[in-house]
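Subject: Structure handover and findings

Dear colleague,

Please find the structure below, followed by notes on what was found in it.

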Amino acid sequence: MTLAARLRALGVLGMNRRNGVYTSRWNQRMHYPSVDDKLETKRLLRDAGIATAPVLAVARLHSEVRRMLRDLDSYASFVIKPAHGAMGNGILVVAERDGDWFMKPGGQWVDRSALSYHSASVISGAYALGGQPDVAFAEERLQAHPDLRAITAEGVPDVRVVVYRGVPVMSMTRLPTRRSRGRANLHQGAVGAGIELDSGVTNFAVCDGRAVDVHPDTQQAVLERAIPEWELVLEIAVRASDQTRLGYVGADVVIDAEHGPLVLELNARPGLAIQVANRAGLVPRLAEVDRSVRPDMNWRDRIALACDIARRARAGALR
Amino acid sequence: MNRGAALTGTLLVAIGLSIFAWKTLVLHLPVLPSNVENLWRVELEIDARGSGQRGSVRAALPDSDSQQEIFDERQTNDRLVFTIRTEKGGQRTGVWSGKFDGVHNLSHGFRVQLAEEPLPLPTELRLEPPKDVVDAYLHSSGRFPSDAPEVRELLANLAPPNPSDPLGQMRVLLGYVTDEILTANTGSDDALLTLAAGEGSQVGKARLLVGLLRAAGYPARISAGLRLRADKEAREAIWAEAWVGGTWLALSPSLGFFGARPPDLLLLRTGSSTLVEETGLDALSFRYRVLRESLRADEVASFMVPSNPLLAAISLYRLPVGSQSALRILLVFPIGALIIALIRNIIGVRTFGTFMPLLISLALRELPLTLGLGLVGSVIALGIVSRFLLERLQLLLVPRLGVLLCLVVLAITAQSLLGRTYEVKDLYASVLFPVVIMTMLIERFSITTAEEGLPAAVRRLATSTAAAICVYPIFRIAALEHLMFGFPELVISVMGVLVWIGGYTGYRASELWRFRSLARGREEDAR
């Protein structure tokens, strides 16, 4: 059997099919701004009573950068982000500060002018998708949940849930490594661990395309880990996707040590690496959702459906 | 693939191919260019401005001889009267006359087949020139001062008359004017001034040589024409001709030939170096446009005047030479877009910018690939280094991009200067580089380096380069250019194939590699 035929038999979703069949059909262009602008997403979710990472300060214009940095004077740690960034680009994390000196997670110290330069680049659109003028904002720096600290280096792990037509279909947790420089991006070297939707337990993990049992930096087991507050994670992921009116969404949830699960951002073009982390294809699950989902289902019904689909997928009863 | 895309794609491909089939199978238009050598289309464009007076514009017209065959002449006369006057010696002149009011756009075009083989030198060297040739071309004049003492003295020192070897004597004279007198565009047109300064224009050198030849007793005259070069504006060339052994021998002290004209030289006028003249006008400007033909004359005719009147009306071969050159490049673009779509959606390779590789290839089309990539590579390398240095200044985005753009412009300017110094004309052509695209490429490379690491940026630069290399040949294949230009309906078919690719929802080749662990893992489980 050729490689392509084998992948097809496994139901692996390819980029062309994701774009041509799923996102182009279920994600209407007019609804993109609500997820491409992170501040807009936050407003939308706040109105619906869904927890998001708290915003500390915003700079929409170059002239507002000084004020934004002044507003941050009372915080020892924070994160400066572009509202229109993609793939974690343009994010500057301040882990610690000493007056006008700020330490990045890697231990490098920078001064105030470096922060204002970074903010100005963000506003100029250096990290925005189309290079258009952007908005810089500062967010509270979230803390990894104690249960996940053993399998995290430097950054904060998050949970990616792919929600199709309001039904979670696949999920993974992304664990930063030293090589990914604290970022939770698989292609930069983070660990991706697939999560069983019905139990919230990790069952498989990859790093750099290879299966792993332990975190490469901490050497702690990454399999059979229970994600804390899993039910709440699923709930906010589903309800957040309902708010966007997008039919194919990747919801990124961080389980903060203090605030619990928060929606970090939503993605209208979620990547396909989640299939590698789960050692499973998305297509059978998407097809099953198409067969089973009904418009009158509320989010609880849809999570129940998701758990059912996950159990059947594990039993090999989905094809 | 959804049915809509499949049907639309098939329909478009079918429309394009059926028109193509009709033209090739029913009308028998040639699909591939024939192997014609040295067939050119030349067009003289004249802008003449007058303020209501009567006047005329006179242009030298070429004639067929043993080294060139002229055919398919046509002209536009823009409210004036066009006549062709033939002088006694056979020189033809095109005359536009009438009342010049405002700007008149005149043109005269023709096709010319130049002979590749040089002529054998004459052998009957003792043949006496006929009386009319002697009368017209042996006397001393202001332009050709064969009686001037400095010319006489130079001739006596250089090459005393030697009746047994006239060709040898001519060679010595030609050698002197070629090597001892510099050619300078700013040099004098006058023969004696050229001799005194040791430097002259093409005209000055040719006149000096004619003077020397006449002083040595050979009837001699000046000739003017064009050096034909593909895709470039033709350059005027001036040379001398001497009558010996019953024929006119060509001698050029600027281009350095003796005997027959080189195969890229078109003779327009003998006896004068002026190609276009006017009387009664306020202003006159003219230029020659040249296009290398890839079809035989009869094949061109079948495209220009096909048996079907509708087709004749939309034949691109009837357009002026300038638009034809542009369209020839333009019509190849869809093929480039097709290759890019294949690379990105079927192979699944990421590049910087969607059509960036296409535009880089377009800029490089006149250069050999290695030289072109070297030039682009050096500009980009310089840009990337500067970009890292600029990072320290913490500039805002748009001014920073502006600085990079200036650096790219400076780098290209420097390369062009180098090209001129080392007489590499190819380098000189590189000023058409898409500057803005290169600037954005540098910026994206730097940001990718910062965000995803140097290996990722280098990888994407490599794939972008590979994509550019894949696209590059389409601008160089003459057969493809002919195909798309002769059969523009194929663009509709290309659109159809693009719709097919757009509807393809299967795996990209790169995804087979990306998901290989998935396929392998499951198989091991099964075991």
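Which residues in H1(B) meet which residues in H18(B)? Before the reply, some conventions: this is a predicted model, in which local features need pLDDT of at least 70 and side-chain atom pairs count only at pLDDT 80 or more, while totals for chains, interfaces and linings use all residues. Residues are numbered from 1 along each chain as its sequence is written, and chains are lettered from A and ligands numbered from 1 in the order in which they are written.

Helix packing in chain B

From H1(B), the residues are B:Ala5, B:Thr8, B:Gly9, B:Thr10, B:Leu12, B:Val13, B:Ile15, B:Gly16, B:Leu17 and B:Phe20, and they meet B:Leu490, B:Ile492, B:Ser493, B:Met495, B:Gly496, B:Val497, B:Val499, B:Trp500 and B:Gly502 in H18(B); two residues are in contact here if their C-beta atoms, placed from the backbone, lie within 7 Å. By class, this contact of H1(B) with H18(B) has 12 nonpolar, seven polar and no charged residues (Ala, Val, Leu, Ile, Met, Phe, Trp, Tyr, Cys and Pro count as nonpolar, Asp, Glu, Lys and Arg as charged, and the others, Gly among them, as polar). Helices (H or I, at least four residues) and strands (E, at least two) are DSSP runs, numbered from the N terminus.

The axes of H1 (residues 3-26) and H18 (residues 490-502) of chain B come within 7 Å and cross at roughly 160 degrees, where axes are lines fitted to C-alpha atoms, for helices over the stretch in contact, and angles run from 0 to 180 degrees between N-to-C directions. H1(B) and H18(B) are therefore roughly antiparallel to each other (angles under 35 degrees count as roughly parallel, over 145 as roughly antiparallel, 65 to 115 as roughly perpendicular and the rest as oblique). H1(B) passes H18(B) in a left-handed crossing, a crossing being left-handed if the near helix is turned anticlockwise from the far one by less than a right angle, and right-handed if clockwise.

With H15(B), the axes come within 6 Å and cross at roughly 145 degrees, and the contact is made by B:Phe445, B:Thr448, B:Thr449 and B:Glu452 of H15(B) and B:Leu454, B:Ala456, B:Ala457, B:Arg460 and B:Leu461 of H16(B). With helix H11 (residues 356-364) of chain B, the axes come within 8 Å and cross at roughly 55 degrees, which makes H11(B) oblique to H16(B). The crossing of H11(B) and H16(B) is right-handed, and their contact has seven nonpolar, two polar and no charged residues.

Sheets

In chain B, an open sheet of five strands has the order E10-E9-E8-E7-E11, with antiparallel pairing (two strands pair if DSSP finds at least two bridges between them). The edge strands are E10 (257-259) and E11 (265-270) of chain B. Strands E8 (residues 235-244) and E9 (residues 247-252) of chain B pair over five bridges, with B:Ala242 opposite B:Leu249. Helix H6 (residues 202-215) of chain B packs on this sheet, touching E7, E8 and E9, and its direction makes about 5 degrees with that of E8(B).

Chain A has an open sheet of three strands in the order E4-E5-E6, also with antiparallel pairing. Three bridges join E4(A) to E5(A), and A:Arg97 stands opposite A:Phe102 in E5(A).

Domains and the chain contact

Domain bounds come from an automatic or database domain assignment. For chain B, that assignment gives domain 1 (39-116 + 277-292), domain 2 (131-262) and domain 3 (323-486), and 40 Å separate the C-alpha centres of domains 1 and 3. Chain A is divided into domain 1 (3-50 + 145-314) and domain 2 (55-140), whose C-alpha centres lie 27 Å apart.

Lastly, the contact between the chains takes 24 residues from chain B and 27 residues from chain A. H20(B) gives the most to the side of chain B that touches chain A, with six residues, and that side divides into 10 nonpolar, eight polar and six charged residues.

With best regards
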